[in-house]
Amino acid sequence: MAGKRILTAKQLNKSYGPVTALQSVDIDIYEGELVAIVGDNGAGKSTLIKILSGVVQPDSGTIEMDNKPVSIRSPKEAAELGIETVYQDLALAPNLDVAGNVYLGREPIVKGLGSFFGIVNRRSMIKRVEEELRLLEVNIPSVNGLEVGSMSGGQRQAVAIARSAVWASRILLMDEPTAALGVRESEAVLRLVQRIRQRGISVVMISHILPHVIQLADRVIVMRQGSKIAELTSENLSHDRLIAMIVGYEAGEVKVVAE
Ligand SMILES: Nc1ncnc2c1ncn2[C@@H]1O[C@H](COP(=O)(O)OP(=O)(O)OP(=O)(O)O)[C@@H](O)[C@H]1O
Ligand SMILES: [Mg+2]
């Protein structure tokens, strides 16, 4: 199912003072695949996503896209490379409405004819977001005028996901996208993820919900204490195997890793 390799990160390291958040982590992302990242709290999952989304700079390591070295120094640079992110802490502007959030940081600055096309484009993007929100089956009263800060956690999550989904052209990074959602909304998010992949966009998703991981992932990266300790393909995935790796027991070996 996976196409050509579009991103390769090698030997990523990141420390915060004495804490090693990420240690010598390699990751490849192929076109249209879903990579799940699993691991206990503090394993380094969000740090890895934040490096790929330009929020955090690694202490060392390299990233290539389409076999060319890139540096992703900000979310704006990530966006220019076609990489969008749904963050664990969402990062929406609470005092703006849905339409304002969709265009946050991307307001057209061109004047004259360019600004006319900017407005047309803006209308069509907001229509697409409305469509995504409808497909997400989350009831949002209005994309215009209602402040996102007054919405429920699930509604805000849907807005963040819909926004990223319409902008991502190569890779969509999702940090616990279903954490704030009910069962029905979670299922709708997973269907959205499938549609995104059908467009040839790769999805990298952190999730603690192992049945979702097993259901969707082409590949699973298991992180523990800042290191990638295993990479499993959909053929050798099982719930018990994942649990054992996440918590640090291996088959036939009773090994407890202190957290
Ligand atoms: N900005 C920061 N300053 C200091 N330490 C940090 C910072 N960000 C992350 N860390 C530390 O780096 C380690 C990895 O954190 P990270 O957020 O990547 O974990 P995670 O796997 O996403 O965990 P969770 O499942 O709880 O979200 C943790 O020990 C964390 O405390
Ligand atoms: Mg995290």
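Guide: A cavity is a set of grid points where a 1.4 Å probe fits but cannot get out. The model here is predicted, and a search of the whole structure finds one cavity of 30 Å³ or more.

Visitor: What is the volume of the largest cavity, and which residues line the largest cavity?

Guide: The volume of the largest cavity is about 30 Å³. Lining residues have an atom within 4 Å of a point; for the largest cavity they are Arg5, Ile6, Leu7, Thr8, Glu64, Met65, Asp66 and Asn67. Strand S1 (5–16) and strand S4 (60–65) are the elements that give two or more residues to this lining, and the largest share, four residues, comes from S1.

Visitor: Why does Ser202 count as buried?

Guide: Buried means under 20% relative accessible area. Ser202 has 0% relative accessibility, and therefore counts as buried. The residue lies in strand S8 (residues 202–206).

Visitor: What makes the pairing of Ser202 with Tyr30 a polar contact?

Guide: The cut-off for a pair of N or O atoms is 3.5 Å. A polar atom of the Ser202 side chain lies 2.8 Å from the backbone oxygen of Tyr30, so the pair meets that distance criterion. Leaving aside residues up to four places away in sequence, Ser202 touches Ile6, Ile29, Tyr30, Glu31, Gly32, Glu33, Arg170, Ile171 and Leu172.

Visitor: Why is helix H1 described as largely enclosed by the rest of the structure?

Guide: Seven of the eight residues of H1 (residues 45–52) are buried, which is why the description applies. The buried ones are Lys45, Ser46, Thr47, Leu48, Ile49, Ile51 and Leu52. Just after H1, Gly54 takes a positive phi of about 85°.

Visitor: Which residues touch the most other members of the largest nonpolar core?

Guide: The core has 51 residues, of which Val98, Leu133, Leu136, Val220 and Leu242 touch the most other members. Helix H5 (residues 153–167) gives the most to this core, with seven residues. Apart from it lies another core, of 27 residues, among them Val25, Leu52, Val56 and Ile171.

Visitor: How confident is the predictor, and where does pLDDT stay under 50?

Guide: The average pLDDT is 84, and 88% of the residues score at least 70. Over residues 251–259 pLDDT stays under 50; for this stretch the model has 15 contacts beyond four places in sequence.

Methods: Residues are numbered from 1 along each chain as its sequence is written. Chains are lettered from A and ligands numbered from 1 in the order in which they are written. This is a predicted model: local features need pLDDT of at least 70, side-chain atom pairs count only at pLDDT 80 or more; totals for chains, interfaces and linings use all residues. Side-chain values use heavy atoms; hydrogens and water are left out. pLDDT is the predictor's confidence in each residue, from 0 to 100. Contact means heavy atoms within 4.5 Å. Buried means under 20% relative accessible area, exposed over 50%, partly exposed in between (1.4 Å probe, protein chains only). A nonpolar core is a set of buried Ala, Val, Leu, Ile, Met, Phe, Trp, Tyr and Cys residues joined through side-chain atoms within 4.5 Å. A polar contact is a pair of N or O atoms within 3.5 Å; within protein, one must be able to donate a hydrogen and the other to accept it, and residues adjacent in sequence count only if both atoms are side-chain atoms. On a 1 Å grid over the protein atoms alone, a cavity is a set of points where a 1.4 Å probe fits but cannot get out, and a pocket is an open set with protein on both sides within 12 Å along at least five of seven lines; lining residues have an atom within 4 Å of a point. Grid points are joined across faces, edges and corners, and a volume is the space filled by probe spheres set on the points.
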